[in-house]
Amino acid sequence: MDISFMLEDERALVGLIEGKNVELLSNALRQTVAYSVCPLAYSRWGRWRNKEPLVSLLVSPKRLYRLTFSKSSGSPFGIELKIEKTDDKDQMEYELYEYVMKYTEDFHKAAAEGLIDHDSVNPFDWTPMNLKMEDLPPFDANSDRWRKPQISKNGFLFRTSSDAVEKLRAKYEVLNFPCLASGIPVIVKYLSAVLNCNYEHSENSLNALMKYSEQKRKFMADLAAAKKVSRKRTAKYVERYRRLKKQFPQAILCDHDQESISEAEDETLGTGAGTEQEVESDTQPIMTTMSYAEDVVHPYLGILTLTPEHPMVVMHDAGDSLYDLVYCSNSEYRLEWQRSPEWRAAFLDQVGLSALNLVDNVRLCHNDIRLPNIAVRNGKFSLIDFDISSASIIFQRKSAFSPPLKSANLRSCEREMCYSVAQIAVNVFILDAPTQFSVGEVTKAVSIWSELRDETSPVDSQFQAWVEEKGDPLMDFVSAVRAACNPKGGTELVCRFPADFMRYFVDVLERMLVE
């Protein structure tokens, strides 16, 4: 049982009592903390601008916990938490009585002082950010600088600019963080140990991903530099040959030299006087030289660690999530998607192949490929929210986005690729289906990965029709996943995927996306 102490309009939370009838201490405490540092802090510190410490109660039949939250005065990030407990019945009754009386007092006080509107809330008032305003560009509710943050499952999201990030980097003398160009819109994610006690895992996964991308960029830069040197040498060789031909028009070259000259002219064909211009362009920063077919497309730029316990993940703004685009009012996105082979091809390269390359090159499985975690801007897609990516699959209970692969016979990387392709298939089905299903409806349709069809489920029937319409190898893939999820008679499934399973999974993606 949860007791929320609201203001009269029920849009602001000024108190919270979490009631549990069992002694599940760790989970109950985490849940109470999450409620306190999000809606309670937002209401009291943000909208009411009351600077008093937050107090929440966690009550069970045998024990009462009093949680007190306050802003840290000695750190740029963090909230200080004090936990007190009692199992004395009289003390428990007294604490409950005092808490209710304090709510009555706060109710009238907040009503008299008034709350500011949502768009005017300063994120520094209520989030775990304790930075001084003079350290950053000023907060402006009408600009893109420090907008009202969103809550993610592992932290707080802020939209800001690269200038704010650069100012922080310089002030705290952060090393090993890339310099950002001025005026770039970015998203900063504060990984909260309060919301996710395993935030170090997320940080390690993101570091592995960004290390791979940096090595790939360096490789491409070295390759471009080598090509530039080769072009310069080739241009000089051809120019020397042309001068010799002018001086000695009757000279005859041996067959070997004639072949070398022909190859050199082929390399410079069409460049001529433009050779120097092409060489000059190669000296510019390499931003998009990597082929999507070989790369992992992601939004991450770096992790800004001002203090060891409080990492800030900096990302470029990858755009709106497909969830927002599909489910906003009067949306025609699904119709446009179904009519656009260009969008589907881009999705194949930038989401489908990225997910496979993430497993193949970085040894990470995204684990949470859903419409909210796929962003698009100007027709370019990107997977986002790699927070629970790991070397192995993290299954979600009773979700169609998480087929329970039980077979132990899938090879290294094959299992993670299979899981990723299955998740992508569910998302593409949502976009392709004749009926617009909600994500919740699809999530509950776990029967799509069962050997037997659920005739009462419209999601199951339309998913099966979609698979059959696409044909093989998608039909073969779905059958194999269903068999892996439902081994018969306790026996393990013999692997049905080809030896070159990477190529096979690419073929499956092409079948579901390329008309």
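Two strands count as paired if DSSP finds at least two bridges between them. In this predicted model, strand β1 (residues 2–6) and strand β2 (residues 13–19) meet that description, pairing in the antiparallel sense over five bridges. Within this pairing, S4 has L16 in β2 as its bridge partner.

**The five-stranded sheet**

- An open sheet is formed by five strands in the order β1-β2-β3-β4-β5, and the pairing within it is mixed.
- The edges of the sheet are β1 and β5 (79–86), each of which pairs on one side only.
- On average, and with direction ignored, neighbouring strands of this sheet are turned by 15 degrees against each other.
- Helix α2 packs on the sheet and touches β1, β2, β3 (54–59), β4 (64–71) and β5.
- The direction of α2 makes about 140 degrees with that of β3.

- Strand β11 (residues 320–321) runs antiparallel to strand β12 (residues 374–377), and two bridges join them.
- S321 stands opposite A375 in β12.
- The antiparallel pairing of β12 with β13 extends over four bridges, and R377 stands opposite K380 in β13.
- β12 and β13 form a hairpin with two residues between them.
- In the turn of this hairpin, N378 has a positive phi of about 55 degrees.

**Aromatic pairs**

- The whole structure contains 22 aromatic pairs.
- In the pair of F5 and Y103, the ring centres lie 4.7 Å apart and the planes stand at 55 degrees, so the pair is classed as tilted.
- F5 belongs to strand β1 and Y103 to helix α2 (residues 89–113), so this pair ties together parts that are 98 residues apart in sequence.
- F5 counts as buried because its relative accessibility is 8%, and Y103 counts as buried at 19%, the cut-off being under 20%.
- In the pair of W337 and F381, the centres are 6.3 Å apart and the planes stand at 85 degrees, so the pair is edge-to-face.
- W337 lies in helix α9 (residues 333–339) and F381 in strand β13 (residues 380–383), so the pair links parts that are 44 residues apart in sequence.
- W337 is buried, with a relative accessible area of 0%, and F381 is buried as well, with a relative accessible area of 2%.
- One aromatic cluster is formed by F429, F437, W449, F463 and W466.

**The contact of α11 with α13**

- Helix α11 (residues 414–432) packs against helix α13 (residues 458–470) at an angle of about 95 degrees, and their axes are 11 Å apart.
- This angle makes α11 roughly perpendicular to α13, because angles of 65 to 115 degrees fall in that class.
- From α11, the contact involves A425, V428, F429 and D432.
- From α13, the contact involves V459, Q462, F463, W466 and K470.
- By type, the residues of this contact divide into six nonpolar, one polar and two charged.
- F429 of α11 and F463 and W466 of α13 take part in the contact, and these residues are among the members of the aromatic cluster.

Methods:
Residues numbered from 1 in each chain as written. Predicted model: local features only at pLDDT ≥ 70, side-chain atom pairs only at ≥ 80, totals over all residues. Heavy atoms only, no water. Axes fitted to C-alpha atoms, helices over the stretch in contact; angles between N-to-C directions. Parallel < 35°, antiparallel > 145°, perpendicular 65-115°, else oblique. Contact = heavy atoms within 4.5 Å. Nonpolar A, V, L, I, M, F, W, Y, C, P; charged D, E, K, R; others polar. Phe/Tyr/Trp six-rings, centres within 6.5 Å; stacked < 30°, edge-to-face > 60°. Buried < 20%, exposed > 50% of the residue type's maximum accessible area, 1.4 Å probe, protein only.
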